[in-house]
Amino acid sequence: MAKRTHNTESTELRPSKKSKSDDKHSEKKEKKDKKDKKEKKNGVDQVTGSSSDEQTGYTQASALTDLPQSQIDQFLEEKVIKITDSSTEPMPQFRPIISFDYLPPCDTDLYAPLKAFPAPSPIQAATWPLLFAGRDVIGIAETGSGKTLGFGLPCLKKLLDSKRSRKPYHPAAVIISPTRELAMQIYDQLVKFSHVAKADVTCIYGGVGKDEQRVALKTAAIVVATPGRLKDLQNDESVDLSKVKYLVLDEADRMLDKGFEQDIKDIIAPMPVSRRQTVMFTATWPRSVRDLAATFMSSPVTVTIGGDPSADPRANTRIKQEVEVMDGRDKENRLIQLLSRSQKGQNPEKVLVFCLYKKEAMRIERLIKMKGFKVAGIHGDLNQSDRFRNLDAFKTGAATVLVATDVAARGLDIPAVKLVINVTFPLTVEDYVHRIGRTGRAGANGHAITLFTEQDKALSGGLINVLKAAKQDVPESLLKFGTTVKKKQHDAYGAFFKDIGTDKKATKITFDD
Ligand SMILES: Nc1ncnc2c1ncn2[C@@H]1O[C@H](COP(=O)(O)OP(=O)(O)OP(=O)(O)O)[C@@H](O)[C@H]1O
């Protein structure tokens, strides 16, 4: 049965002090929100503003409608697609867009860049109709499965269809990402399409000057941003988000964890839930963030690929996962052994080495360099241009080993990473799933080797479950640490920006802005 979620707009819009004029204002606002909500249900497309003769603004292609139901069922079953609608009202049902041929018609050649791909990925096929139809969507699918275009293409299409003229500094869509590098990568993907979509896209992140960003915000229709800098620019009135109709939280579980939660609330305060379409995508969806997510959304549909979202975090099954339990003192030798194997010959493999701490990452990078390998590093102590430059060196192959903290764990789509080595285990198994997800992307196979020590034993149960779910070998030496999964793994839910020193007790965690 469909489950009702609660939309507590009050969390976003609660006034601090109430005056008479506030009362009047909130009455007016309530009326408007009710009208907006009704319109949303009646299928008024909130981005285009144009009501459709269909109920939702999206018309399923007749060729898709003509397909036998058995073909659709087979697709849903084979790809293990689960769709859960939390709406209590009857909603139109759409078939997954299983071929690019069934995309809604488009006047321009917006879809041209899709020619590079054989077919929509399962998360794209299942979420596109819902997103075109204006529904709030939570999309959960393995790492490297094309989630960016999952939320990106409907965003571009809606802007392209929009007949409304926009006021300067009033973007229509905002995509929020937890790291600067990921924001830039999303921007790069959208720009490939935005040329035809004529949507001005800009990317806003911290660590660089604000002036150029202010200029870009004047015309941008789509803003891809990290939260801190976006909030700054919103606070100094360089951008007004009150007209945003399409809001995406990429890596949604990260965006809703403690470190970002308040920023997100502040950013979305001027865009009531009734007037925006809210979209959340991720590969991991821990229980701890789900209730909070519901408060940001209006009767969302949850689309899960590859299994129940209530189960343990799931790794991409094309990644071969190996765990080596060892004494911490042996890690460096083992790392160099593994690198020697993968770096020999004319074509050394691309290897991503994860550390938990910045200082540790710097030390490991020095060690690898000393051994003569072509290495670069990425962590929070580097300035932004060095971060971009080093990532680029790894992408182009100028460096074949990249040593990173968890700043590179999520979302980064680096071609042909053959191996991920975890020198130090992350703070949560979700982070582990994201880290190893830098290999085995877009249908390729991947390989991950984790050096696990007694110090990490609190996470052995969670790791064992991830291994089992992906049908990987579980070493006896790991089982010895225990199979219990601790409910609360870490206060900060993850080590995303564990910009701390080598002291494990240190608590200062900083975030990208
Ligand atoms: N339909 C498709 N078919 C094949 N490849 C695709 C398709 N759509 C996107 N891709 C490619 O797949 C790769 C991974 O996509 P993307 O970065 O969006 O993954 P993701 O699901 O967001 O991963 P993560 O969870 O790590 O953030 C990209 O190189 C992208 O160009």
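Visitor: Of the 513 residues of the chain, what percentage count as buried?

Guide: This is a predicted model, in which local features need pLDDT of at least 70 and side-chain atom pairs count only at pLDDT 80 or more, while totals for chains, interfaces and linings use all residues. Residues are numbered from 1 along each chain as its sequence is written, and side-chain values use heavy atoms, with hydrogens and water left out. Buried means under 20% relative accessible area, exposed means over 50%, and partly exposed lies in between, with a 1.4 Å probe and protein chains only. By that rule, the share of the 513 residues that count as buried is 57%.

Visitor: Are the rings of Y58 and F132 stacked or edge-to-face?

Guide: Rings of Phe, Tyr and Trp (its six-membered ring) pair if their centres lie within 6.5 Å, and planes under 30 degrees apart count as stacked, over 60 as edge-to-face and the rest as tilted. The count of aromatic pairs by this rule is 8. Because the centres of Y58 and F132 are 5.8 Å apart and their planes stand at 25°, this pair is stacked.

Visitor: How many residues apart in sequence are the parts that Y205 and F388 tie together?

Guide: The ring centres of Y205 and F388 are 5.5 Å apart and the planes are at 75°, so the pair is edge-to-face. Y205 is buried, with a relative accessible area of 11%, whereas F388 is partly exposed at 24%. Helices (H or I, at least four residues) and strands (E, at least two) are DSSP runs, numbered from the N terminus. Since Y205 lies in the loop between strand 4 (201–204) and helix 8 (211–219), and F388 in helix 15 (residues 384–396), the parts tied together are apart in sequence by 183 residues.

Visitor: Which strands stand at the edges of the open sheet of 8 strands?

Guide: Two strands pair if DSSP finds at least two bridges between them. The open sheet has the order 1-8-2-7-6-3-5-4, with mixed pairing. Each edge strand has a single partner strand, so one side of each is left without a neighbour in the sheet, and these are strand 1 (81–85) and strand 4.

Visitor: In strand 5, what is the bridge partner of I204?

Guide: Strands of a sheet pair through backbone hydrogen bonds, either parallel or antiparallel. Strand 4 and strand 5 (residues 222–225) run parallel and are joined by 4 bridges. For I204, the bridge partner in strand 5 is A225.
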